[in-house]
Amino acid sequence: MKSRNEMDAEARCLLGELLAKDKLTARDRASIPQQEMPSQSAGERIGNTSEVALGYTPAMARLEAMRCLQCPSKPCVSGCPVAIDIPEFVKAIAEGRDADAIAIIKRRSLLPCVCGRVCPQEKQCMKNCTAGKIAGDPEKSVAIGRLERYVADLERESGRSVPPPVKPSTGKKVAVVGSGPASVTFAVDVRREGHDVTMFEAFHKPGGVLMYGIPEFRLPKSIVEKELDNLRAMGVEIRTDFVIGRSRPLKALLEKDGYSAVFIGSGAGLPKFMNIPGENFVGVFSANEYLTRANLMKAYDTDHADTPIYRAKRVAVLGGGNVAMDAARTALRLGAEKVFLVYRRTEAEMPARVEEVRHAREEGVEFLLLQNAVRILGDEQDVVTGMECVRYELGEPDESGRRRPVLIPGSEFVLDVDCVIVAIGNESNPLIAATTPEINVDKRGHIVVDEDNRTSMPHVYAGGDIVLGAATVILAMGEGRRAAAAVNRELAGA
Amino acid sequence: MNNRIISKERLSENVWKMTVEAPHIAEERRAGQFVILQVDNNFGERIPLTIADADTAAGTITLVFQTVGATTRKLALKDVGDSIPDLLGPLGRPTHIEKVGRVVCVGGGIGAAPLYPIVQALKAAGNKVTVVLGARTAELLVFEKEMRASADSVIICTDDGSYGRKDVVTAPLKELCSAVPPPDQVIAIGPPVMMKFCCETTRPFGVPTVVSLNTIMIDGTGMCGGCRVTVGGETKFVCVDGPEFDGHKVDFDNMMKRMKAYRKYETQAAEKEAAHECNLLKMAKESERERNEKQK
């Protein structure tokens, strides 16, 4: 793989040729190769926790932006859950107006540094991109996320980040439960209208999954903290160490504490387990626990952190989503010699982003596909000594059209591991539902909402994973935005 | 500043009692609930401690802890007027309190502290409450005075016979269960091994037995699953399903092994910390000496 400097030199050269032309034709634009994301090499990055992707240089960003065909129908925008005016900001970069680009993005999103890094663009904005359609691969679309990250980082690093304007105070108070992406988006949109917003976070640091879940090497925590500083600069009050439902009943916020509306963005909860023998042995973790120890509690920093992490040599991760990739790659960085990723279907069915799968493979994670765990083995101290697995083959397609994995009889074998990380998703968090009977939940415990994200309890809204089940950062943000619009309407009418 | 330490008392060599300003926790807490605290906002661990008492008028809660790990050692170095950087609560389901008749409450070691609000609540609900307190030696016995003021009767056991009966708590528990009729309920809080044997003692008598578990936790709100235990063959989360469970169904052996999961790392950390801690203690002692001299 080429170094960032080599990539930049090539980009400058091509950019010079293109800028020399009077006008770029569609053919010129389509012939520009997609600019690869410069990254730390696999060998280098598993020895540190620094960010893997290094970001575009100005020449690379401008060149990539020039690939945009400026379709009048803006198909990319319809794929964006928060409807950022993508062609406009890309055009600004192509014309060298980076500051305009970030201003356009921030009209719709307060978290561009985050979204530019963790959104599954290939399934959203980039899915509909004409450049990608010409290439026959959404991965080859205009790299919208990388461009978003580029301008967002420029602004952040300049230290001239401007918080969105806030209207004069209405004197009305709105409470937000949780401080992850849904809650942050909600808080910004409601605060813009001049309402007082208080955000309640159970952990000692705000940010939700951005802080405890997504690893440093994919989303540096200093960036999340900076984005939250913008929230504070707008006048949003963030109260940590406070869990609604226990520290204070939700009802009391409305009835006693003077809040006019409440938004619940409490996120995923209760990690799912396989329900196989041995799952409570020492050395078996939910991905949530493993990642929280590593990220929020900084267990990787053995010189300073009090929270220990299980030091394993051979790790099995169960699951095929982004969280599974994060856990596998974290285990490597914490010194595992061998990491297996065990998944029941094939790579094509993996819910993880293609880029995450590729990064995991590059770093040496071994994929055991069409295999699954049936039992975890332990010694007399209940410490993990291995994991019994079985193999599958692909059978007839099921109702979703995917070929169903069929167990191969007699295929049992033991995988030699000393740690198992279960990353097969989450149930919903039971705390709010258990302490607030007025709020209806479905049979899986997710809060039931209408098209405005309104719950069954008056003045109470919900969004993000507590409604959707495990989803993505950007989908949660879309939910927060919708709920905020409804709350703003409710408060304006009252 | 929130979470200010109002008073600090050394109950025995390694056991401390602190009253902490936390008005909203004092207001919302019910018997059986716990808090999670952190002494260092950046690098500290999050540990659960059961609430021993609360004063809603003063807006304070009482915590009793034993110095066993990094956080409890650092907490013990805090002085009156200092603040605990992070304090979250109340967490967990409150104890189910109703009038059942005759209840035996067993507290081992500092387990007596979280047992105290339960005894008070059981009495307030109209139960007849017998308290059995056990400790290795007289010096380690806590909350005896409070219990005597609240319970109908109190039985004391010490392993070395330095105070009360020279016995383990299961001996009087067995006698109480042998009575006709046996008690209507037993609540046992203490070291896991004590709770296990209390459950084994009451099982043949069919006396319902509640235990309060204090496992390793991180978030304490049902997100991480680090606290999970096997209860009646099912996985339960102590933080949101507990902390109290039907003791006859708890897999104590697995729980005790899980609680030891990090001992190896903690020992290493403690050794590494030893040199550093000496300095801290030196500083603490020096500041104490200075204060004393000033007072003179």
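**View 1. The area buried between chain B and chain A of this predicted model.** About 4000 Å² is buried between the two chains, with carbon and sulfur atoms giving 51%; buried area is the accessible area (1.4 Å probe) that two parts lose on being put together, summed over both. F43(B), M223(B) and Y262(B) supply 19% of the area that chain B buries against chain A, more than any other three residues. Local features here need pLDDT of at least 70 and side-chain atom pairs pLDDT 80 or more, while totals for chains, interfaces and linings use all residues. Residues are numbered from 1 along each chain as its sequence is written, chains are lettered from A in the order in which they are written, and side-chain values use heavy atoms, leaving out hydrogens and water.

**View 2. A salt bridge between the chains.** Look for the side chains of R248(A) and E27(B), which meet at 3.4 Å, N to O. The count between chain B and chain A is 3 salt bridges (a side-chain nitrogen of Lys or Arg within 4 Å of a carboxyl oxygen of Asp or Glu).

**View 3. The open sheet of chain B.** Its 7 strands follow the order 10-9-8-7-11-12-15, with mixed pairing; strands are DSSP runs (E, at least two residues), numbered from the N terminus, and two of them pair if DSSP finds at least two bridges between them. Strand 10 (165-166) and strand 15 (244-246) of chain B stand at the edges with a single partner strand each, so one side of each is left without a neighbour in the sheet.

**View 4. Strand 12 beside strand 15 in chain B.** These strands run antiparallel, joined by 3 bridges, and strand 12 covers residues 209-212. Zoom in on V211(B) to find its bridge partner, F245(B).

Note on methods
Helices (H or I, at least four residues) and strands (E, at least two) are DSSP runs, numbered from the N terminus.
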